Amino acid sequence: ALSVLWERYMRPVLEQDKDILADMWAYSIGAADLGLKHTTLDQYMISTWGSHGQAFSWVDEWKKMSCNNPPDMRNINPLKSPTFLHLASNFKAPESKEWMFHKGHVPADILDCDSPLIKESPDELFNISPKDREHRNQHAWILCNTVARLNKVLFLYKEKFCPKDFERRKLVRLIQRKTKDRHCDQRRDKWCYPLAQIEDLPNNWRDLL
């Protein structure tokens, strides 16, 4: 019954406002129509730093963490961890904001066998990101867990589906504004990205390909 009402209310909601949350509003209206009560659980997810109704209070209890090798979340007692990371924002740390993660900056060809992995921040990034008004500790916690685990997934995927000599270096730096390789052609040049750049290779690395 709820799915029927959810679909029925989608069009009226969209006629009012084509908001990104339209499907959620339609669901809520359908549930209210049925008198369907919900239990609110705020520990399962974190999304945008500093937000209420999310599990950031758990993150704020963390004092230190390896950024490049975050712990197995099944073995962190007495600390706690949210179940899901909703990567809906641009996460930047530390105070200088020199390291960032935004899902839209990850190259589209990141799964290709000859594409490098994501460059990781210094291992102490979380430890030097303060719990301040901008919640840099929360930014860093998400950034560290996301990049390190994404690289592990990419490595396992390529190890299974690629030739043994697949590209395994961590060279792709996600950035806000390019400082290198600004004039490459995305249609023609290898490893040319709009919101990422190759680092830790010689300046003339394109000539060496």
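This is a predicted model: local features need pLDDT of at least 70, side-chain atom pairs count only at pLDDT 80 or more; totals for chains, interfaces and linings use all residues.
**Stop 1: helix α1**

Select residues 2-16, which form helix α1. Next, centre the view on Met10, where α1 bends by about 30°. To see which residues of α1 are buried, highlight Leu2, Leu5 and Val13.

**Stop 2: the largest pocket**

Move to helix α2, residues 22-34. This helix gives the most to the lining of the largest pocket, contributing 6 residues. Select Met24, Tyr27, Ser28, His38 and Met45 to find the middle of the site: of the 17 lining residues, these lie nearest the centre of the pocket. The space within the pocket amounts to about 570 Å³. Colouring the lining by class shows 8 polar residues, 7 nonpolar ones and 2 that are charged.

**Stop 3: the second largest pocket**

Now display helix α4, residues 136-161. Which element gives the most to the lining of the second largest pocket? The answer is α4, with 4 residues. For the whole lining, select Met73, Ser81, Pro82, Thr83, Leu85, Leu87, Trp141, Asn145, Thr146 and Arg149. By class, 5 of these are nonpolar, 4 are polar and 1 is charged. The volume of this second largest pocket is about 160 Å³.

**Stop 4: the cavity**

Keep α4 on display for the next site. The model has 1 cavity of 30 Å³ or more, and the volume of the largest cavity is about 80 Å³. Its lining consists of 15 residues; select Lys119, Glu120, Ser121, Leu143 and Val147, which lie nearest the centre. Two or more lining residues come from each of β4 (99-101), α4 and β6 (170-174). The largest share, 4 residues, belongs to α4. The lining of this cavity divides into 10 nonpolar, 3 charged and 2 polar residues.

**Stop 5: the sheet**

Show β5, β6 and β7 together. They make an open sheet of 3 strands in the order β5-β6-β7, and the pairing is mixed. Strands β5 (117-118) and β7 (196-198) stand at the edges; each has a single partner strand, so one side of each is left without a neighbour in the sheet. Strands β6 and β7 run antiparallel and are joined by 3 bridges. Within this part of the sheet, select Leu174 and Ala196: Leu174 stands opposite Ala196 in β7.

**Stop 6: two cis peptide bonds**

Most residues other than glycine have a negative phi, and most peptide bonds are trans. Begin with Asn77 and Pro78, whose connecting peptide bond is cis, with omega near 10°. Pro78 sits in the loop between α3 (56-59) and β2 (84-85). Then select Ala93 and Pro94, which are joined by a cis peptide bond with omega of about -5°. Pro94 belongs to the loop between β3 (91-93) and β4.

**Stop 7: two positive phi values**

Select His135, a residue other than glycine with a positive phi of about 55°. His135 is located in the loop between β5 and α4. Is His135 buried or partly exposed? Its relative accessible area is 25%, and His135 is therefore partly exposed.

Go on to Asp200, which is likewise not a glycine and has a positive phi, near 70°. Asp200 occupies the loop between β7 and α5 (205-208). Its relative accessibility is 53%, so Asp200 counts as exposed, the cut-off being over 50%.

**Stop 8**

Finish by selecting Ser57 and Gln138. These two residues are 81 residues apart in sequence, while their C-alpha atoms are 9.7 Å apart in space. Ser57 is part of helix α3. With a relative accessibility of 46%, Ser57 counts as partly exposed.

Note on methods
Residues are numbered from 1 along each chain as its sequence is written. Side-chain values use heavy atoms; hydrogens and water are left out. On a 1 Å grid over the protein atoms alone, a cavity is a set of points where a 1.4 Å probe fits but cannot get out, and a pocket is an open set with protein on both sides within 12 Å along at least five of seven lines; lining residues have an atom within 4 Å of a point. Grid points are joined across faces, edges and corners, and a volume is the space filled by probe spheres set on the points. Ala, Val, Leu, Ile, Met, Phe, Trp, Tyr, Cys and Pro count as nonpolar, Asp, Glu, Lys and Arg as charged, and the others, Gly among them, as polar. Two strands pair if DSSP finds at least two bridges between them. The expected span of a helix is 1.5 Å times one less than its number of residues. The bend at a residue is the angle between axes fitted to the seven residues ending there and the seven starting there. Buried means under 20% relative accessible area, exposed over 50%, partly exposed in between (1.4 Å probe, protein chains only).
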